[in-house]
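Please read them with the structure open.

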Amino acid sequence: MSTHALSPARLVAALAMGLTLLQPVACTAAADDSVIVGARDAWRAGDKARLAAAKSDAAGHPLAMWVDYWELNARLSKANADEVDAFFARWPDTYVEDRLRNDWLLELGHRRDWTRFNQIWPRYRMRDDREVACYAHLAKASAGEPLRDAAKQAWFDQREADEGCAQLGTALRQAHQLSTAEVWRKLRGTVEANRARQSKQTAALLGDDAVSAVAEILDNPTRAMGKHKRALSVSTGNMQALALMRIAANDADTAANLMTSRWQRMLSHDAASWVWACIGKQAAQKLQPQAPVYFEHAWSSLGDKTGEPDAIESFINPGDITPDWGDDLLAWQARAAIRAATADDASAAQAQRRWAQLMQAVDAMSPEQRNDAAWIYWRARALLALPQPAPEPVPAPRTHAASGASAAGNAATPPVTPSPRQQAHAWLASIASPYSFYGLLALDELNLPATWSARANTLTPAELAQARTTPGLQRGLQLIQLGLRGEGTREWNYTLSHLRPGGMNDRELLAAAQFACDQQVWDRCIHASDRTRAEFDLNQRYPTPFRASLGSAAKEAKVDLAYVYGLTRQESRFITAAKSSVGASGLMQVMPATAKWTAKKLGIPVDAERLHDPQTNVLIGVGYLKLVLDNFGGAQALAAAAYNAGPSRPRRWREGGTIDAAAWVESIPFNETRDYVKRVLANSCAYAAVLGSKPTTLRARLGNQVGPRLPAAPPPDTDLP
C-alpha cells in the first residue's frame with residue numbers, strides 16, 4: 001500500500017471539507033508548468049545544463065520528481081551509487097523511482113558491477129526489461145549460482161540486439177548450457193522475423209564465418225545459396241535453410257520449387273520441415289490456396305516418410321512428432337487450414353482434411369497460445385465439423401449377485417468421457433463473453449444471447465476520493481493535461497499495476513476509471529475499466545463522448561452510430577490530439593491526403609489546421625467511412641479493414657473463393673489490421689447496448705461469408721484512398 005493513501009474516514013472528511021473533485025490535479029505549487037514541459041524537451045535534446053537549471057526551478061511542483069529523473073538519467077553513465085540512492089530515497093514508491101532503478105540496473109550491468117546489481121534487483125518492481133532480465137542471470141552467476149533453464153529462457157525471450165543478452169548467450173555457451181541446435185533454433189526465428197542485428201548477434205555464438213554467412217543471406221539469399229550446390233555439413237545445410245526461408249519471403253512458389261527439385265533431399269529432416277513451414281506461412285499470408293499443402297510437406301519432412309499424409313488420423317494423432325517451429329508458424333498453418341476448410345468449393349472430404357490440419361496445428365502450439373480464445377474457438381469449430389464417432393454401447397448394469405461386489409463397490413461409476421460435441425461446447429462456453437470478438441462468436445455458436453452486465457455497484461464517496469487522492473493517478477492525469485501523454489500514461493499504468501502487490505482490485509480500478517472519465521481523459525478511463533475481472537461498468541468501458549458531433553455526422557451519413565463509436569474507440573480512444581506515426585490525426589485518425597480527397601468529394605471545406613478540430617475531424621472521418629462502406633456493399637468487416645489498411649488491400653484479400661466471414665477476418669495478413677477488425681466489430685456490439693439501439697449479434701455485423709464482389713454489384717471506386 002502506498003504511504004500516501006488516506007483512510008476511508010479521512011477521505012470522507014476531506015470530501016466534507018470541500019475537496020475539489022473535478023479539478024484534482026491542478027498545480028498549486030509556485031513552479032510554473034512550463035518548467036516541466038521545458039525540462040522534458042531539454043532531456044530529449046540532451047541539454048544537461050538546461051536540465052540542471054530546471055531541477056532547481058521545479059522545486060515544489062507536484063511533478064518535480066520527473067525533472068529530477070530526467071536530470072539524473074541524462075548523466076547516469078557518470079553517476080555514482082550515492083547519487084542514485086539519494087534519488088531513490090527522495091521519491092520512494094513512485095514510478096520514476098522504479099524507472100530509474102531499471103535504468104540503473106542497465107548501467108550496473110554495463111559496468112559489470114554485479115554486487116550492486118544484486119542489491120538493487122530485488123526491489124525492482126516492473127521486471128519488463130528483457131536486457132535487465134539477462135543481466136540479472138549474469139549477476140546471479142557471478143555470486144556462484146549456476147545458469148539454469150530460466151537463464152536460457154531469458155536469452156530466448158530477447159527481441160532486440162542488446163549487450164546484456166549477448167553476454168548471457170556467451171556465458172550459457174561457455175557453461176555448456178546452450179547447445180548448437182538451440183542457437184540455430186533462435187537464429188531461425190530472428191532471420192524469419194527479419195531482425196538483422198539480432199540475427200548477427202546470435203550467429204556470433206557459432207563463429208565469425210557464421211556472422212558473415214548470415215549477413216550475406218540477409219542481403220542476397222539467392223547469391224548466398226549459389227555458393228554451395230549441396231549441404232556439405234550441418235552448418236552449411238542450416239545456412240541454406242535460412243537462405244531458402246528468405247527467398248520464400250519474396251516468392252513462396254520459387255522457394256517451393258527449389259525444395260522440390262533439390263533441397264528437400266539434401267537438408268536434414270528438421271531443416272527441411274522448417275523451410276516448408278516458412279513457405280507455407282508466406283503462401284498463407286498471400287492467401288494462396290496451396291498453403292495447406294506446403295504445411296503438409298513440412299509435417300511429412302519431420303520423419304523419414306515423404307509425401308502427404310493419407311488419413312485424417314495422421315493429422316489428429318501425429319504420434320510423438322512435434323515440430324520446433326514456434327507458435328507463429330503454427331498459427332499460420334491454422335489460418336491456412338481455416339480458409340480451406342470453410343471454402344464454398346471445398347468437398348466434404350477436403351473440408352474434413354483441413355479441419356484436421358487445423359487441430360494438428362493447435363495441438364502443437366504452446367499451452368499459452370493454445371489457450372488463446374481464437375484457437376479455442378476454431379478448435380471447437382473443427383471438432384464439431386469432423387465426423388462424430390458412433391456412441392459406444394452402454395453395458396448392462398451388473399447385478400450385485402453377478403458381480404460378487406459389495407454394495408459400496410457397486411456404487412462407484414467410471415468417469416464419463418464427453419463426446420466430441422460436448423467437448424466442443426465446453427470449449428466454446430469457456431470463452432463465451434460479450435466483451436470480445438471470439439467471446440461473441442462463441443455465444444452465437446451456442447445460440448446464447450449476448451448479455452452485458454448491468455452497471456457495477458455504485459462507487460462510494462470514499463472509493464471515489466481514494467482514487468482522486470492517489471498521487472500516481474493525479475500525476476498521470478496532470479502529465480497528460482500538460483501534453484506529456486507518454487509520461488502520463490506510464491505513470492498511470494504503473495500505479496494501476498503496482499499500487500500494491502497484484503495491482504488494484506476491481507473496485508479501485510472502477511474508481512480510477514471514473515476519475516479519468518470525470519477529467520475526460522477517455523483513454524485512461526477505458527484502460528482502467530477494461531482491467532476489471534468480475535465487476536463491469538459498460539459506460540466506462542464504452543464511453544460516448546462527442547455524442548452530438550458523432551451522432552449528427554452518423555445520422556447525416558446514414559451510418560450506424562454504434563459502428564462509428566466502435567471504430568472511433570479503436571482508432572483514438574477519443575483522444576482529440578492523437579497522432580499516429582504515419583501522420584493520421586484526430587478522433588478518427590484521418591490522414592491528411594485522405595481528408596483532402598474526402599473533403600473535395602463531399603464538398604466540405606477543410607485545411608490542415610481544421611483537421612485537428614474534433615467536429616471537422618468527425619465530419620471527414622464519418623464521411624470517409626460511409627464511402628468505404630458503400631464501396632464494400634455495407635460489409636462492416638471489409639470496411640473496417642479498409643479504414644485501417646486502405647481499401648486496395650481488402651479488395652485483394654476478398655478475392656479467391658468464398659469463405660466463412662470469421663475465417664476471412666482471422667486470415668487477414670496484417671496482425672494490426674486483423675486485431676483492429678475484431679475489436680471494431682466487438683466494440684460495435686457493445687455500443688449498440690450502450691446506445692439502446694436494436695441489439696445485433698456479432699454474426700449480423702460480420703456476415704456469414706466473404707468472397708469476390710458479385711458480378712451485379714457496382715464497380716469499386718478505385719480512386720478511394
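This is a predicted model: local features need pLDDT of at least 70, side-chain atom pairs count only at pLDDT 80 or more; totals for chains, interfaces and linings use all residues.

1. On the chain as a whole: it holds 42 helices and 2 strands. Of its 721 residues, 50% count as buried. Among contacts with a separation of 6 or more, 63% join residues 24 or more positions apart.

2. Back to α11. Its buried residues are Glu182, Val183, Trp184, Lys186, Leu187, Arg188, Thr190, Val191 and Glu192. Just after this helix, Asn194 takes a positive phi of about 60°.

3. Gln198 lies in helix α12 (residues 196-203). Is Gln198 buried or exposed? Its relative accessibility is 1%, and buried means under 20%, so Gln198 counts as buried. The side chain of Gln198 reaches the backbone oxygen of Gln158 at 3.0 Å. Setting aside neighbours within four places in sequence, Gln198 is in contact with Gln158, Arg159, Glu160, Ala161, Lys186 and Thr190. Of these, Lys186 and Thr190 were listed above among the buried residues of α11.

4. Next, a pair of packed helices. Such a pair is described by the angle between the axes and the distance between the axes. Helix α27 (residues 437-445) and helix α41 (residues 671-691) pack at about 60°, and their axes are 8 Å apart. Angles of 65 to 115 degrees count as roughly perpendicular and those under 35 degrees as roughly parallel; α27 and α41 are therefore oblique to each other.

5. Which residues make the contact between α27 and α41? From α27 come Phe437, Tyr438 and Leu440, and they meet Lys678, Leu681, Ala682 and Cys685 of α41. By type, the residues of this contact divide into 6 nonpolar, no polar and 1 charged.

6. Arg112 is not a glycine, yet has a positive phi of about 60°. Arg112 sits in the loop between α6 (95-111) and α7 (114-120), and with a relative accessible area of 40% it is partly exposed.

7. The other is Gln520, also with a positive phi of about 60° although it is not a glycine. Gln520 is in the loop between α31 (506-518) and α32 (522-530). Its relative accessible area is 58%, so Gln520 is exposed.

Notes: Residues are numbered from 1 along each chain as its sequence is written. Side-chain values use heavy atoms; hydrogens and water are left out. Axes are lines fitted to C-alpha atoms, for helices over the stretch in contact, and angles run from 0 to 180 degrees between N-to-C directions. Helices (H or I, at least four residues) and strands (E, at least two) are DSSP runs, numbered from the N terminus. Angles under 35 degrees count as roughly parallel, over 145 as roughly antiparallel, 65 to 115 as roughly perpendicular and the rest as oblique. Contact means heavy atoms within 4.5 Å. Ala, Val, Leu, Ile, Met, Phe, Trp, Tyr, Cys and Pro count as nonpolar, Asp, Glu, Lys and Arg as charged, and the others, Gly among them, as polar. Buried means under 20% relative accessible area, exposed over 50%, partly exposed in between (1.4 Å probe, protein chains only). A polar contact is a pair of N or O atoms within 3.5 Å; within protein, one must be able to donate a hydrogen and the other to accept it, and residues adjacent in sequence count only if both atoms are side-chain atoms.
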